[in-house]
Amino acid sequence: MTGSLEAEPARGAGPRAAPDRPVKVAHVVLALNVGGLERVVLRLLERTSRDRFAPVVCALQEPGALADELARLGVPLVVLSRKPGLDPGLPVRLAAWLRREGIRLVHTHNPGPHLYGALAAGLARAASLAGGGGGPRVIHTKHGRNYPKQKRKVLVNRLAAALTDRVVAVSDDTRAVVLEVERVDPARVVTILNGVDPEVFRPGDARAARARLGVPDAGYHVGCVARLSPEKDHATLLAAFARLREVRPDAHLTVVGDGPVRPALEEQAARLGLGGAVLFTGTRGDVAELLPAFDVFALASLTEGISLTLIEAASAGLPIVATRVGGNPEIVKEGETGLLVSPGSPEPLAAALEAIAVRDDRAEVGMRGRARVIERFGIDRMVRAYEDLYDEVLRG
């Protein structure tokens, strides 16, 4: 199996037989903190067939804010406490744990875990072969672009990829980075689009959602769900919203999420005189219930792999205004399900938000986006593709 798995149905003439004992799969992450990568991992853990696979999570730094979810899912967690900076002993400790636990497949997420996980799996395989046995195989999911202009990091990614059986790209844009920048063998690159559950993220009662947030029922509501970090560029979103307010004084902006730049953003909002027009909610665990509060979803990112929150918003039937970066154009069909603008500039972002506000077919725009999610970004499609890939790599 090579190439894209985004539209493949499950193969085979009938249900696949479960092995006598489920295969142990270790998901290696830095930590399960709040973010798109971590939510993809949790959704994969939740829906992976336990008859066939026995997942465990290995966090290299700390458990993270979302680690409690693992208890609900019945997934074990081990924390290896990586030392600051480069930790040359970590691959050895991780390899020993892989062998001790009988891990047959290592699934890494993002560059640090990829390097340590691939090196550890190689050490574990070498030790197992010396003893006459096999060893763990490696799959890596590349959740973002990972700074393709930084040569040192690209070289590290190439080294890790050379020790990896398959590299999964979460978008066509990410796939291009893997092939053209990191120069991974195309035969080892697979595209699996991130997925959401359209039964969870669906259109709902706007009035009830606004009451839940404590925002006015009337007016034009702009929403954004994203970590408050520099690459999400909320500063440009705030500047654009200030311009929007000049022509739409009834506009209201809700920013869901938290992160290191929150104080600066709150100061910026005050400086722009936005007062009660902007709400910073912090991290929320009820995003699916909040999305119906919005008339449009806005994302001003400077870089993206493929935005999970953008897929969730589209699934909720929201028209979208987003920057034309990374995998965003694979989610938003220009003019049909939303509008795309250049990053880093408030003026086009404000103009696009105003353009959505006056569209008579705003609801239809959002529902076309939902139909696109159901067609291309369903959670069951994503999980099935990963399970098929696990089977293929394990057979190899």
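Colleague: At what angle do the axes of helix H8 and helix H13 cross, and how close do they come?

Modeller: The axes of H8 (residues 234–247) and H13 (residues 346–357) come within 8 Å and cross at roughly 50°. Axes are lines fitted to C-alpha atoms, for helices over the stretch in contact, and angles run from 0 to 180 degrees between N-to-C directions. Helices are DSSP runs of H or I with at least four residues, strands are runs of E with at least two, and both are numbered from the N terminus. One caution: this is a predicted model, where local features need pLDDT of at least 70, side-chain atom pairs count only at pLDDT 80 or more, and totals for chains, interfaces and linings use all residues. Residues are numbered from 1 along each chain as its sequence is written, and side-chain values use heavy atoms, with hydrogens and water left out.

Colleague: Why is H8 called oblique to H13?

Modeller: Under 35 degrees counts as roughly parallel, over 145 as roughly antiparallel, 65 to 115 as roughly perpendicular, and the rest as oblique. The crossing is at roughly 50°, so H8 is oblique to H13.

Colleague: Which residues of H8 and H13 meet?

Modeller: Contact means heavy atoms within 4.5 Å. From H8 come Thr 236, Leu 237, Ala 239, Ala 240, Arg 243, Leu 244 and Val 247. From H13 come Pro 346, Glu 347, Leu 349, Ala 350, Leu 353 and Glu 354.

Colleague: What makes the classes in the contact of H8 with H13?

Modeller: Ala, Val, Leu, Ile, Met, Phe, Trp, Tyr, Cys and Pro count as nonpolar, Asp, Glu, Lys and Arg as charged, and the others, Gly among them, as polar. The contact divides into nine nonpolar, one polar and three charged residues.

Colleague: Where does Glu 392 lie, and why is Glu 392 called buried or exposed?

Modeller: Glu 392 lies in helix H15 (residues 379–395). Buried means under 20% relative accessible area, exposed over 50%, and partly exposed in between (1.4 Å probe, protein chains only). Glu 392 has 13%, so Glu 392 is buried. Glu 392 and Arg 166 are 226 residues apart in sequence, yet 9.9 Å apart in space, C-alpha to C-alpha.

Colleague: Which members of the largest nonpolar core touch the most others?

Modeller: Leu 291 and Phe 297 do, in a core of 83 residues. Such a core is a set of buried Ala, Val, Leu, Ile, Met, Phe, Trp, Tyr and Cys residues joined through side-chain atoms within 4.5 Å. H15 gives the largest share of this core, nine residues. A second, separate core has 19 residues, including Val 106 and Ala 26.

Colleague: How do you know whether Val 106 is buried or exposed?

Modeller: Val 106 is at 1% relative accessibility, so Val 106 counts as buried. Val 106 is found in strand S5 (residues 105–109). Among the residues that Val 106 touches, beyond four places in sequence, are Ala 26, Leu 98 and Ile 139.

Colleague: What is the phi of Ser 81, and where is Ser 81?

Modeller: Ser 81 has a positive phi of about 55°, although Ser 81 is not a glycine. Most residues other than glycine have a negative phi. Ser 81 is in the loop between strand S4 (77–79) and helix H3 (90–101).

Colleague: Why is Ser 81 called partly exposed, and what about Asp 233?

Modeller: Ser 81 is at 45% relative accessibility, so Ser 81 counts as partly exposed. Asp 233 has 12%, so Asp 233 is buried. Asp 233 also has a positive phi, near 50°. Asp 233 is found in the loop between strand S9 (220–225) and H8.
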